[in-house]
Amino acid sequence: MFKQFDEKINYPGIEERILKFWQEKQIFEKSISSRDEKKHFTFYEGPPTVNGRPGIHHVMARALKDLVCRYKTIKGYRVHRKAGWDTHGLPIEIALEKELGFNQKSDIEKYGVDAFNKKAKELVYHHIEMKEGWRTLTERMGYWINLDDPYITCTNDYIESVWWALAEYFKKGLIYKGFKIVPQCPHCETPLSSHELALGYDEVKDPSVYVKFKLKDEDASILVWTTTPWTLISNVALAVGPEIDYVKIQIEKHGMLYIAKARLEAIKEDYVILDELKGEKLLNKEYEPLFNYFEVDKKAWYVIGGDFVSTEDGTGVVHIAPAFGADDYEVSKKYNLPFLQPVTKSGRFTDQVKDFPGRLVKTIQFQTHEEKGADPDIIRNLKERGILYKATNDY
């Protein structure tokens, strides 16, 4: 006779009984030791980030990992499964800084780097071992993996192995030093990965400004649109589309301006078209730099061609600041443009920027206060000098 099941099935109870049976009978261990010693399949788990509690998406991903290992076990392999924990530095650092009420990276140094690191490690291991933490999730979902001998990315042996591998690549000439345009966290003073960026960010309203770049060889200016006025300080070139149609217009208040014909809708006052030409006719024209903070040892402040220039918005002209845009940096290598980077890791202008030294380039809301960025003052500077065509009403 089969045992009669109660109509009210307790699924969690059944799970717990099965898990207990697996543990007491060492079923996981036997699934390895009972297989052919000569047939090995080793699985190192791509480590989940233990900067917080696990979620349902972790269950889904790990179910697929478990499926592969169980399939290989069925095929007769000894499947060695090594768990791993990614103690992702930045999320832990951010969480701990919030807990301690820190506003900037220097607060860590005041607190003590050793003490901060110790507390960060305690937080990591707490997430692993806490009730409803990572170990509990792993066991309750029936995920077979060796939790007693995991690799953990914050341990010295793991860190040293990574540096060893990088050193070997470097010796073989497979690593080189260069620049890459990446998101930057001014609070943490570190570049951000796409994963870290996805942890959360504030949406801000950027100013929209139209600026006149005065040409050297004629009494006219090239009209440029940007939503990042702070990058104008690092401008070294203007990019046009060689095959794009441009016009030279006359405006009573602003004189003669060059703008893409398709973007004339940006002009909200009366104008007269004086000339029509392709962008290639503007190439190599030199203009006066907006700011004179830097001396350069390469040709700068002239018009170049760019296949990324469009007429969907703006003026059909792109201002180039190689340190602050992916397209800008790539085109700077093509034309060997100067690389001006007057911004610190904390998002502040260096002393080279004499009118705005130490100013944040963007407004930041710290835990205890808000500090305004330099954009409004830069726009005011441009307006006072008569080279601002227009800006959004907020500025």
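Modeller: Let's start with Lys82 and Asp149, which form a salt bridge with their closest N and O atoms 3.1 Å apart. Keep in mind that this is a predicted model. Lys82 sits in strand β2 (residues 78–85) and Asp149 in strand β3 (residues 146–152), so the bridge ties together parts that are 67 residues apart in sequence. How buried or exposed are the two ends? Lys82 has 19% relative accessibility and counts as buried, the cut-off for that being under 20%. Asp149, at 43%, counts as partly exposed.

That bridge is one of 26 by the rule used here. Another one joins Glu276 to Lys261, with 3.2 Å between the closest N and O atoms. Here Glu276 belongs to strand β11 (residues 272–278), while Lys261 is in the loop between β10 (255–260) and β11, so this pair ties together parts 15 residues apart in sequence. Glu276 is partly exposed, with a relative accessible area of 47%, and Lys261 is partly exposed as well, at 38%.

Then there's Asp377 with Arg359, whose side chains meet at 2.6 Å, N to O. Asp377 is part of helix α11 (residues 375–384) and Arg359 lies in the loop between α10 (326–335) and β14 (364–365), so helix and loop are tied together across 18 residues of sequence. Asp377 comes out partly exposed at 22% relative accessibility, and Arg359 is partly exposed too, with 24%. If you'd rather look at a group than a pair, go to Asp217, Glu218, Lys248 and Lys285, which salt bridges link into a network.

Charges also turn up over rings. The charged end of Lys72 sits over the ring of Tyr77, 4.8 Å from the ring centre. Lys390 does likewise with Tyr210, lying over its face at 4.9 Å from the centre of the ring.

On to ring against ring: the count is 16 aromatic pairs. Take Tyr293 and Phe294, where the ring centres are 6.2 Å apart and the planes stand at 90°, so the pair is edge-to-face. Tyr293 is buried at 13% relative accessibility, and Phe294 is buried at 14%. For Phe349 and Phe356 the centres are 6.5 Å apart and the planes are at 40°, so that pair is tilted. Both of these Phe residues are buried. There's a cluster to look at as well, made of Trp22, Phe28 and Trp144, linked by ring pairs.

Last stop, the second largest pocket, which holds about 840 Å³ of space. Its lining has 25 residues, and the closest to the centre are Thr87, Gly89, Leu90, Glu93 and Asn117. Which elements give two or more residues to that lining? They are α4 (89–100), α5 (106–111), α6 (113–129), α8 (156–171) and β5 (190–191). The largest share comes from α6, with 6 residues.

Terms used: Residues are numbered from 1 along each chain as its sequence is written. This is a predicted model: local features need pLDDT of at least 70, side-chain atom pairs count only at pLDDT 80 or more; totals for chains, interfaces and linings use all residues. Side-chain values use heavy atoms; hydrogens and water are left out. On a 1 Å grid over the protein atoms alone, a cavity is a set of points where a 1.4 Å probe fits but cannot get out, and a pocket is an open set with protein on both sides within 12 Å along at least five of seven lines; lining residues have an atom within 4 Å of a point. Grid points are joined across faces, edges and corners, and a volume is the space filled by probe spheres set on the points. Helices (H or I, at least four residues) and strands (E, at least two) are DSSP runs, numbered from the N terminus. A salt bridge is a side-chain nitrogen of Lys or Arg within 4 Å of a carboxyl oxygen of Asp or Glu. Buried means under 20% relative accessible area, exposed over 50%, partly exposed in between (1.4 Å probe, protein chains only). Rings of Phe, Tyr and Trp (its six-membered ring) pair if their centres lie within 6.5 Å; planes under 30 degrees apart count as stacked, over 60 as edge-to-face and the rest as tilted. A charge sits over a ring if NZ of Lys or CZ of Arg is within 6 Å of the ring centre and within 35 degrees of the ring normal.
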